[in-house]
Amino acid sequence: MALFSIVVAVYNRMDTLAASLSSLLQQTFRDFEIVAVDAGSTDGSMELLEKHAQKARLRLYRSELNDADAARNVGAEQAQAPWLVFFNAGDILLFDHLSRFADAIAKHPEIDLFVNAFQRMKGHQRLMAQETIPSGVLPRREALKALSHGDYIHLSGACIRRDRFLALGGFPAERYHQEANLYFWLKALCELERIHYDDTVTSLLLLDNGTPSDEPLDHVPPGGDLLPVYAGRLSRLEMRYLRASINRMVLAWAVEKKRHGRSVRPELAALSLPGLRLRDGLLALGLLVPQPYYHRLRKWMKKTE
């Protein structure tokens, strides 16, 4: 049995799929299987996956739902290895991605979630990392605190024990769609006593191949429903970091909606006041500025950062 099951969900990724699979097949650590799930591609992605399947490079399944996170759940159910690594077919893995996971698992077999650092790329240029988190074991409080400051868990940069993933219910795709995996990692941090973080960058998030610009904007990012669930289970400080993490995600979505000229009232109403930091409060106030003046304000704020 392989150590890792690499779950690759694909939906119309023909422009990036070949390069992404190539980076996966060039890993120095070879004890893995690839479970690919096509979510109804119509651009030739399915045909490319079938060619790889014929060469025994992967096992191929098809999801009836046109949703990548639902497809990832299918892949997790079909996986045979004890550890899951989800791979976004629009990203690139560096050669030591899996080997660093394997080394960390060997040193910390009691931990269920391992995270490697990732880096965003715009075109051929790597963007500067926004947050610095030291490598090592992070207790739940520190893991939530780090998430309240910035996104350090990216889909392609996480490795989770398969049994734990299934026990947590997988990605709530039918409920939250585009934010399903974001919701899952937040929930996982609330459930796990500790995780392991490696500050070595082993995956590249290609911004040019990210979320399509026609993604629906008329919804509030999930997370608020976690507050009553964990109110009696997390410490007071952990709850504070959970609220701050949710607020940061809601505000990031509100900024995107504001940029498209959409109303952000649902997002502002969803903010958790007990977890609202001064900087986030100022950002929320800025979102109330009328559209013609908002862009000027944002430019000024970026210059002062």
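Analyst: A residue counts as buried under 20% relative accessible area, as exposed over 50%, and as partly exposed in between. Keep in mind that this is a predicted model.

User: Thanks! Is Glu142 buried, exposed or partly exposed?
Analyst: Glu142 has a relative accessible area of 28%. Buried requires a value under 20% and exposed one over 50%, so a residue between those limits falls in the middle class. Glu142 is therefore partly exposed.

User: Which residue does Arg141 form a salt bridge with?
Analyst: Arg141 is itself partly exposed, at a relative accessible area of 39%. In its salt bridge, the closest N and O atoms are 3.5 Å apart, inside the 4 Å cut-off. The partner is Glu142.

User: Let's step back for the overall picture. How many helices and strands does the chain have?
Analyst: The chain has 305 residues, and 52% of them count as buried. Its secondary structure comes to 13 helices and 10 strands.

User: What share of the contacts with a separation of 6 or more comes from residues 24 or more positions apart?
Analyst: Contact here means heavy atoms within 4.5 Å. Among contacts in the chain with a separation of 6 or more, the share from residues 24 or more positions apart is 81%.

User: How many residues apart in sequence are the parts that the Asp198 and Arg100 pair ties together?
Analyst: The structure holds 13 salt bridges, and one of them joins the side chains of Asp198 and Arg100 at 2.6 Å, N to O. Asp198 lies in strand β10 (residues 194-206) and Arg100 in helix α4 (residues 97-107), so the pair ties together parts whose separation in sequence is 98 residues.

User: Of those two, is Asp198 buried or exposed?
Analyst: Arg100 has 30% relative accessibility, so Arg100 counts as partly exposed. Asp198 has 7% relative accessibility, which is under the 20% limit. That makes Asp198 buried.

User: What is the distance between the closest N and O atoms in the salt bridge of Glu256 and Arg259?
Analyst: Glu256 and Arg259 are three residues apart in helix α10 (residues 236-259), so about one helical turn separates them. Glu256 counts as partly exposed at 27% relative accessibility. In the salt bridge with Arg259, the closest N and O atoms lie at a distance of 2.7 Å.

User: Which residues do salt bridges that share partners join into one network?
Analyst: In general, side chains of opposite charge can pair when their charged atoms come close. Here, salt bridges with shared partners build one network out of Asp112, Arg161 and Arg164.

User: Which residues do ring pairs link into a cluster?
Analyst: A ring pair needs centres within 6.5 Å. Such pairs form a cluster of Phe86, Phe165, Phe171, Phe184 and Trp185.

User: Which side chain makes a polar contact with the side chain of Asp225?
Analyst: Asp225 lies in the loop between β10 and α9 (226-230), and is partly exposed at a relative accessible area of 24%. Apart from neighbours within four places in sequence, Asp225 is in contact with Arg175, Tyr176 and Tyr183. The polar contact, at 3.4 Å, is with Tyr183.

User: Last one: how much accessible area do the leucines of the nonpolar surface patch have together?
Analyst: The patch is formed by Leu278, Leu282, Leu285 and Leu288. Leu288 lies in the loop between α12 (278-286) and α13 (291-304) and is exposed, at a relative accessible area of 52%. Together, the four leucines have an accessible area of about 450 Å².

Notes
Residues are numbered from 1 along each chain as its sequence is written. This is a predicted model: local features need pLDDT of at least 70, side-chain atom pairs count only at pLDDT 80 or more; totals for chains, interfaces and linings use all residues. Side-chain values use heavy atoms; hydrogens and water are left out. Patches are made of residues with over 30% relative accessible area and no salt bridge: like charges are joined within 9 Å, nonpolar side chains (Val, Leu, Ile, Met, Phe, Trp, Tyr) within 5 Å. Accessible areas come from the Shrake-Rupley method with a 1.4 Å probe; for residues, only the protein chains shown count as cover. Helices (H or I, at least four residues) and strands (E, at least two) are DSSP runs, numbered from the N terminus. Buried means under 20% relative accessible area, exposed over 50%, partly exposed in between (1.4 Å probe, protein chains only). Rings of Phe, Tyr and Trp (its six-membered ring) pair if their centres lie within 6.5 Å; planes under 30 degrees apart count as stacked, over 60 as edge-to-face and the rest as tilted. A polar contact is a pair of N or O atoms within 3.5 Å; within protein, one must be able to donate a hydrogen and the other to accept it, and residues adjacent in sequence count only if both atoms are side-chain atoms.
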